[in-house]
Amino acid sequence: MSNSEHETPKSVEEAGALLGAAITKCNAACFPSIKPPKGMHSSFATMSPVPSSELFTRLYQLRALLRTSSKSSPLVAAPSLLAVLMKILGVSSSLAAQFIQDGRVNTPPLWSTPLRKLWAESVILCHVLGESLTGKSRIDIYSFVKNMVALAGLNPKSQKATGGTRIAALQVIGGLFLELPHKLSPWALDVLQLCHKSLKSSGNGEPSYRVESIQTATAVATACYQARLEQQELDESTTMILPGAVEDRALQESLKLLNKACADKYPEVRQAAARFCLKMGMMFVPSRNTSSDSSTTPNSFILDEVIALCTKNLDDDSISVAVGWAEALAQCITTAIAYGQHQHSESTRRSNGAGDDGNDDSLRVRSSSSKVVSIASTCKTVQASVRYIVDQFIKAGGELSASRMGGPFSVGGRSVREGFGMVLVKLMRIQSLLPNVIGLDYSIR
């Protein structure tokens with residue numbers, strides 16, 4: 001190994017140049033093979049140095065320098081660094097095609113999870129540090145996200161989709177949403193549709209891509225939450241409902257995604273779905289324009305559907321998944337409590353106003369033939385919510401005789417009561433952490 005390969009770059013520009021050289025070397029023909037000792041088979045021949053190891057080192061050095069770069073002024077070199085980083089996508093997909101034909105070529109770099117994470121974080125940092133660039137050097141983040149969405153949604157059998165590029169694209173999308181929520185939150189519906197499509201198109205094999213799809217959806221939910229808080233200048237510690245943070249179609253897409261993910265045979269996918277539901281919990285509430293007489297499905301129906309979905313999966317055969325759904329259910333019930341108090345304060349204000357009858361019960365499910373009180377309508381107070389959970393605990397029956405809750409991987413028996421017990425514990429924990437929230441006057445803006 002030459003001395004230049006041991007050099008540590010002093011600036012991001014130098015690190016980018018060394019990274020570009022390492023990318024160029026990522027070709028099996030560029031690396032001499034070290035012949036095995038005499039008497040051993042030729043399959044024991046190795047390449048020196050290993051291409052991906054040098055690429056990993058250069059990416060690590062670039063990321064370290066980007067992390068320490070000043071955020072007070074834009075990084076002028078960000079567009080050129082991005083151009084270099086994007087070359088790794090093409091190299092990885094082309095090497096993957098060769099790897100399928102001849103397994104002795106270099107492993108595609110983006111198949112490596114650590115290397116892929118380094119690449120994604122470096123791309124995200126370039127966008128963050130170059131956000132305020134103007135003129136010809138400005139980075140068009142919307143066009144970039146559009147291209148990443150197209151890449152992540154490619155047919156898995158196409159050449160461009162091989163080599164770990166689809167997972168890398170999802171990681172970049174999720175990271176950009178977390179870092180730049182004020183810019184990318186309007187893209188929530190498009191990305192959630194992508195995540196849902198990814199779940200449906202990836203089959204039932206190795207779950208990495210499906211897990212990454214749901215993690216990207218979770219990042220979208222977090223971005224919408226943060227953007228809404230900043231827009232309305234709300235305090236995160238005293239905010240339990242965020243109506244309007246996500247558009248109605250995105251809420252419907254989220255429900256479809258949850259229904260699909262909770263039926264996956266891999267517990268990693270179901271656990272990721274439970275975390276997504278937990279993050280979306282306080283956003284499953286009606287907006288101020290929702291009417292119970294609307295021809296479209298009110299958002300309150302979605303909250304009821306989510307509560308029912310969480311309840312069905314409380315006795316999942318994986319304990320970590322069951323705990324995740326218990327946390328999600330506790331969050332949704334807390335959202336119903338907060339929204340119930342908001343409704344009460346709003347109806348009281350209207351009834352004291354100019355002749356309004358105060359009948360705004362959008363959490364009551366209405367149909368042409370009958371009136372059915374929803375679960376969310378039942379859990380309007382802490383006392384009513386605790387009573388509801390205890391009733392379900394009792395109705396479940398004995399530890400051995402309890403029926404399955406209805407989820408695809410429900411086991412019934414003791415797990416049913418354990419699930420409701422965990423929900424009660426999680427709900428009380430939320431109330432203890434937010435002692436001043438219950439009873440506050442909520443206003444939907």
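**Close-up views of a predicted model**

**Figure 1. A salt bridge joins arginine 270 and aspartate 316.** In this predicted model, the side chains of arginine 270 and aspartate 316 meet with N and O atoms 3.0 Å apart. As a general principle, side chains of opposite charge can pair when their charged atoms come close.

**Figure 2. Aspartate 315 is buried and has no salt bridge.** This residue is found in the loop that runs between α12 (299-312) and α13 (319-351). Which side chain of opposite charge is nearest to aspartate 315? It is that of arginine 404, at a distance of 5.8 Å. The side chain of aspartate 315 does reach the backbone nitrogen of glycine 412, at 3.0 Å. Beyond its neighbours within four places in sequence, the contacts of aspartate 315 include Arg404, Met405, Phe409 and Ser410. Val411, Gly412, Ser415 and Val416 are also in contact with aspartate 315.

**Figure 3. Arg63, Arg67 and Glu121 form a network of salt bridges.** Glutamate 121 and arginine 63 meet through their side chains, at 3.2 Å from N to O. Because glutamate 121 lies in helix α4 (residues 113-129) and arginine 63 in helix α2 (residues 51-67), this pair ties together parts that are 58 residues apart in sequence. Glutamate 121 also forms a salt bridge with arginine 67, and here the closest N and O atoms are 2.7 Å apart. Arginine 67 is in helix α2 and glutamate 121 in helix α4, so this second pair ties together parts 54 residues apart in sequence. The exposure of each member can be stated in turn. Arginine 63 counts as buried because its relative accessibility is 16%. Glutamate 121, at 24%, counts as partly exposed, and arginine 67, at 47%, also counts as partly exposed. A search of the whole structure finds seven salt bridges.

**Figure 4. Tryptophan 119 belongs to the largest nonpolar core.** How many residues does this core have? It has 126 residues, and those with the most contacts inside it are Trp119, Met283 and Trp325. Helix α13 supplies the largest share of the core, namely 13 residues. Apart from its neighbours within four places in sequence, tryptophan 119 is in contact with Leu59, Leu85, Met86, Ile88, Leu89, Leu110, Ala168 and Val172. In soluble globular proteins, nonpolar side chains tend to be buried together.

**Figure 5. Phenylalanine 276 is buried in helix α11.** The helix spans residues 267-280. Is phenylalanine 276 buried or exposed? Its relative accessibility is 0%, and it therefore counts as buried. The C-alpha atoms of phenylalanine 276 and alanine 217 are separated by 7.0 Å, although the two residues are 59 residues apart along the chain. When neighbours within four places in sequence are left aside, the residues in contact with phenylalanine 276 include Leu192, Ile214, Ala217 and Thr218. Ala221, Ser254, Leu257 and Leu258 are also in contact with phenylalanine 276.

Terms used. Residues numbered from 1 in each chain as written. Predicted model: local features only at pLDDT ≥ 70, side-chain atom pairs only at ≥ 80, totals over all residues. Heavy atoms only, no water. Helix = DSSP H or I, 4+ residues; strand = E, 2+ residues; numbered from the N terminus. Buried < 20%, exposed > 50% of the residue type's maximum accessible area, 1.4 Å probe, protein only. Lys, Arg positive; Asp, Glu negative; His and termini not counted. Salt bridge = Lys/Arg side-chain N within 4 Å of Asp/Glu carboxyl O. Polar contact = N/O pair within 3.5 Å; in protein donor to acceptor, adjacent residues only side chain to side chain. Contact = heavy atoms within 4.5 Å. Core = buried A, V, L, I, M, F, W, Y, C linked by side-chain atoms within 4.5 Å.
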